Amino acid sequence: MGTAPATTGVTSDGNTLIATINKDNALAIIDLKSGEINKVDVGNGPVQVYIEPNNQFAYVANQGTEDNPDNSVTKVDLKSKKISATIDTGEGSHGIVTSTDSKFTYVTNLFEDTVSVIDNEQNKTIKTIKVGKKPNGISIMP
């Protein structure tokens with residue numbers, strides 16, 4: 001698949017596996033029936049990834065490194081296997097999750113001690129929330 005896979009996910013239909021490939025700055029999209037692998041170039045040092053509940057988009061947190069942090073989330077259309085948007089966030093985007101209605105994405109910014117709130121329709125950060133040191137994960141409880 002590539003060098004240094006970081007996080008994986010499987011679509012709810014069980015047909016597609018995705019994986020962030022940290023050292024290749026890519027998202028691997030694997031068809032589990034055929035074994036076909038497609039790669040999409042994303043930002044610097046992708047780490048965590050989250051698939052929307054409807055399986056349409058995957059959101060990739062591009063962390064980079066502490067010396068060279070990225071500050072973006074890449075929104076990938078899983079059907080076309082192309083980038084739908086690149087969204088500015090805080091430095092060191094890391095933990096990521098979408099709301100259950102897919103209207104918002106929340107990403108922790110490891111090197112900035114913040115959480116960015118992304119409006120998925122506008123594909124932009126609409127709010128930044130200061131949190132504790134080095135936030136590296138986030139969950140939504142239904």
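Colleague: Where does Glu52 lie?

Modeller: Glu52 lies in the loop between strand E5 (46-51) and strand E6 (57-64); helices (H or I, at least four residues) and strands (E, at least two) are DSSP runs, numbered from the N terminus. Before we go on, residues are numbered from 1 along each chain as its sequence is written, and side-chain values use heavy atoms, with hydrogens and water left out. This is a predicted model, in which local features need pLDDT of at least 70 and side-chain atom pairs count only at pLDDT 80 or more, while totals for chains, interfaces and linings use all residues.

Colleague: Is Glu52 buried or exposed?

Modeller: Glu52 is buried, where buried means under 20% relative accessible area, exposed over 50%, and partly exposed in between (1.4 Å probe, protein chains only).

Colleague: How many bridges join E5 to E6?

Modeller: There are 4 bridges between E5 and E6, which run antiparallel, and two strands pair if DSSP finds at least two bridges between them. Ile51 has Ala58 in E6 as its bridge partner. The two strands form a hairpin with 5 residues between them, and Asn55 in the turn has a positive phi of about 65°.

Colleague: Which strand does E7 join through 6 bridges?

Modeller: Strand E8 (residues 82-88), which runs antiparallel to E7, and there Lys75 has Ala85 as its bridge partner. The hairpin of E7 and E8 has 4 residues between the strands, and Lys81 takes a positive phi near 60° in it.

Colleague: Let me step back: how many helices and strands does the chain have?

Modeller: The chain has 0 helices and 12 strands. Its radius of gyration, taken over C-alpha atoms, is 14 Å, close to the 14 Å that the globule rule (2.2 Å times the number of residues to the power 0.38) gives for 142 residues, so the chain is as compact as a globular protein of that length. The C-alpha atoms fill a box of roughly 45 × 35 × 25 Å along the principal axes, and 46% of the 142 residues count as buried.

Colleague: Back to charges, then: how many salt bridges does a search of the whole structure find?

Modeller: The search finds 2 salt bridges. Asp24 forms one with Lys39, the closest N and O atoms being 3.5 Å apart. Asp24 lies in the loop between strand E2 (16-21) and strand E3 (26-31) and Lys39 in strand E4 (residues 37-41), so the pair ties together parts that are 15 residues apart in sequence.

Colleague: And which residue forms a salt bridge with Glu66?

Modeller: Lys134 does, with the closest N and O atoms 3.2 Å apart. Lys134 lies in the segment after strand E12 (124-130) and Glu66 in the loop between E6 and strand E7 (69-77), so this pair ties together parts that are 68 residues apart in sequence. Lys134 counts as partly exposed at 44% relative accessibility, whereas Glu66 counts as exposed at 55%.

Colleague: What is phi of Lys134 near?

Modeller: Phi of Lys134 is near 50°, a positive value in a residue other than glycine. Asn123 likewise has a positive phi, of about 55°, although it is not a glycine, and Asn123 is found in the loop between strand E11 (114-119) and E12. As background, most residues other than glycine have a negative phi.

Methods: Lys and Arg count as positive and Asp and Glu as negative; His and the chain ends are not counted. A salt bridge is a side-chain nitrogen of Lys or Arg within 4 Å of a carboxyl oxygen of Asp or Glu.
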